[in-house]
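The sequence and the structure are shown here.

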Amino acid sequence: MSPRPALRRLDAAWRALERHRARIARVPLRDLFDADSKRFARFSLAVVRSARARPRHDGIFLDYSKNRITAETVERLLALARAADVAGWRRRLFAGAPVNASENRAALHPALRDRSSRSNVGSMARATLARMREFVESTRSGEKFTHVVHIGIGGSLLGPELACEALALLDDSKIVVRSARASPRVRFLSNVDGADFARAVRGLDPARTLFVVVSKTFTTAETLANAYAAREWLAAGLSKSAVSRHFAAVTAARARAEEFGIPKRAVFDLWDWVGGRFSLWSAAGLSCALVLGQDRFEEMLEGAHALDTHFRTAPLGRNLPVLLALIGVWNTNILGFRARAVVPYDSRLKRLPAYLQQLEMESNGKSVTREGRPVSRASAPVVFGTPGTDAQHAFFQFLHQSPNPVPVDFIAAVEPGPGPGTQRPILLANMLAQSEALMRGRNAAEARSAMEAERLSPSEIRRLLPHRVFPGNRPSTTILLRRLDPFHLGLLLALYEHKTFVEGVLWGVNSFDQWGVELGKQLAGGTARLLKGGKVAARDSSTVGLARRIRAWRGRRRRALGARKPAS
C-alpha cells in the first residue's frame, strides 16, 4: 500500500492545526479561564494507583489547563495523533518490533520493569535482578564499602544520578539516619576532566571504595579514561591482587570488562536493545540499588511499569504521555516556542532538567525523518531548568517579561520530604503563584491600581508603569505527585519517556538512535594526535591554530616545572 494517502492525512491534520491557531491566537489565557468555570476539570487528568500497587501509591496528576488551548485544539491534536498512527507505534513498541529503524533494533526498556512478563526478555531481566539482589545484599552486609563511585556518561549516568539524588534521604520513619553501616554513599564521575576525577575521590579511602563502571560497549572514551584512572588510584593504596575486588561493571561487552580485570561475579549484562538514556531500569541502576537497597530499586521499576500499563491501555484522549506530547507539539510547532523550562519545586529533583535534556534532545533532536528525508517541521525544543524557588531568582524575569515566551513544566510532590515540614506549603504556594502569574499577567490598569495602593505619586506611577506590566498568556503545565518515593519517581520518569516517544512519532523521527553523538567522537582521535604534534588529515585553520596554542602553553608549563626540580 502506498504511503501517500497516510502522508496526505498527516499533512491535512497539521494544516488544520495551523488554521485553528489563526482563529484563537489572539484569545488570552485569562479570558479562557474567565469564560469557563470548568476549564481546570476539562483539562486535567489523574492516573490512579494500579490494582497491584500498594495502598500508599496514589499516582500522578496532570494539569494542562494553563496552556493556550480550547476543546477544539485538543480534538485537532488528537486527529494529528491518529493521522500519525500513534496507537500503531505504541503497539509496535510494546510488541518488540524494531522501532529503531536505522539500527534495526527494538526498544525493549519497558520489559525491564515488567516483572510478570513471560517473554524471553522478561526472563533475562528477572535473572539480572536476582543477580543484582545477591550482589547488593552481600556488598551491603559486608560493611566493607563506605562509598560507591559510579563511572559513566550520558544515559549511563544521568538516570542513576537523578534517582540517587532524589531518593538519598528517603527513610520509612521520615527520620534521616545516615551511617556507613546503613548504606554506602555514592558519587558520580562522568567528565574526562581530571578535576572531576579529583572531586569524585577526594577524601575517600581506597580500601572502602567500590567503582561501578557503566558502558554498553566498554569502549566509551571518557568512561574508560576514568576507569583506568580509578584503577591507578586504587593500586596506589591497595595490593595488586585486591584492586579487582573494588570494581563492578554493567556492559554488553562482558569479555572487555573481564579483560580490564573485573571479576565475573561483578559484571552485569546491559543488552543492545536498551538505549543508554533508558538504561536506569537495567543493571545500570546498580549504584542506586547499592545505596538505596534492592527493594527500593524494584519499587521504582513498579512505578514505571504502572505508567507503562496506563500508556499502553488508556485511550489517546485520556492518556497522560499522549496529552503531554500533544501539548508539547502544539507549543513547539504551532505556537512556535523553541524552548521549554522544567522547574521541579523539590530540590531532590535538581538533576531532572539535565536528565530530560538528554532524554528529549538526544532522542528527538533530529534533522531527518525515519525514512531519511529532511524534517519539515521543528523537532525537539531546547530544554533547560533548575529547581524552584532558586529558578525564580535566576531566569523567571525572562519567563515573565521577555518578548520570547517559554512554556514551563512545573513539578512538585505534595507531601513534605525530609527537613522542616512547615516549608513545603511555602514551596507549593510559590509554584502555584508563579504558574498563575505567567498565565494571567498584570495589565496596565491593574499595575496602576497596585501602585496607587502603595501610595506612589502620579509622576512615579507614570515612570514605573511600563516596567510593572506583565503580558501574561505564558503557557505552563503542572505535574503533581502525592509524594517523592521510588514508586512515584518511576511514574514520573516513565511519563516523560513515553511523552518523548510520542513526540518522535508525531515529528516522524527515530527517537532511539543518536548518530549526532558520533561525529565529535570520530574526530577526537585525530585531534588528540594533533595536540601531541602529530600529523593528521587536513583540518581547518582554527583547529590547527588552537592546537598549536595549547601545545605551546603546555610546553611552557612542563619547562617551568622542570626548572623547579632540585638537581640530583
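Angles between axes under 35 degrees count as roughly parallel, over 145 as roughly antiparallel, 65 to 115 as roughly perpendicular and the rest as oblique. The axes are lines fitted to C-alpha atoms, for helices over the stretch in contact, with angles running from 0 to 180 degrees between N-to-C directions. The structure is a predicted model, in which local features need pLDDT of at least 70 and side-chain atom pairs count only at pLDDT 80 or more, while totals for chains, interfaces and linings use all residues. Residues are numbered from 1 along each chain as its sequence is written, and side-chain values use heavy atoms, with hydrogens and water left out.

The axes of helix H15 (residues 352-364) and helix H20 (residues 486-507) come within 10 Å and cross at roughly 25°, and H15 and H20 are therefore roughly parallel to each other. Their crossing is right-handed, and the residues that make the contact (heavy atoms within 4.5 Å) include Leu352, Tyr355 and Leu359 of H15 together with Leu492, Tyr496 and Trp507 of H20. By class, this contact of H15 with H20 has eight nonpolar, four polar and four charged residues.

## Packing of H8 against H20

Helix H8 (residues 155-167) also meets H20, with axes that come within 11 Å and cross at roughly 145°. On the H8 side the contact is made by Leu162, Ala163, Ala166 and Leu167, and on the H20 side by Pro486, Leu489 and Leu493. The contact of H8 with H20 has seven nonpolar residues, with no polar and no charged ones.

## The protein as a whole

The secondary structure comes to 22 helices and 11 strands, where helices (H or I, at least four residues) and strands (E, at least two) are DSSP runs numbered from the N terminus. Along its principal axes the C-alpha trace spans about 80 × 65 × 60 Å. Of the 568 residues, 49% count as buried, a term that means under 20% relative accessible area, with exposed over 50% and partly exposed in between (1.4 Å probe, protein chains only). Among contacts between residues at least 6 apart in sequence, 76% join residues at least 24 apart.

## Arg39

Arg39 lies in helix H3 (residues 39-42) and, at 3% relative accessibility, counts as buried. Not counting residues up to four places away in sequence, Arg39 touches Leu29, Leu32, Phe33, Ser65, Asn67 and Ile69. The C-alpha atoms of Arg39 and Pro374, which are 335 residues apart along the chain, are separated by 38 Å.

Conventions:
A crossing is left-handed if the near helix is turned anticlockwise from the far one by less than a right angle, and right-handed if clockwise. Ala, Val, Leu, Ile, Met, Phe, Trp, Tyr, Cys and Pro count as nonpolar, Asp, Glu, Lys and Arg as charged, and the others, Gly among them, as polar.
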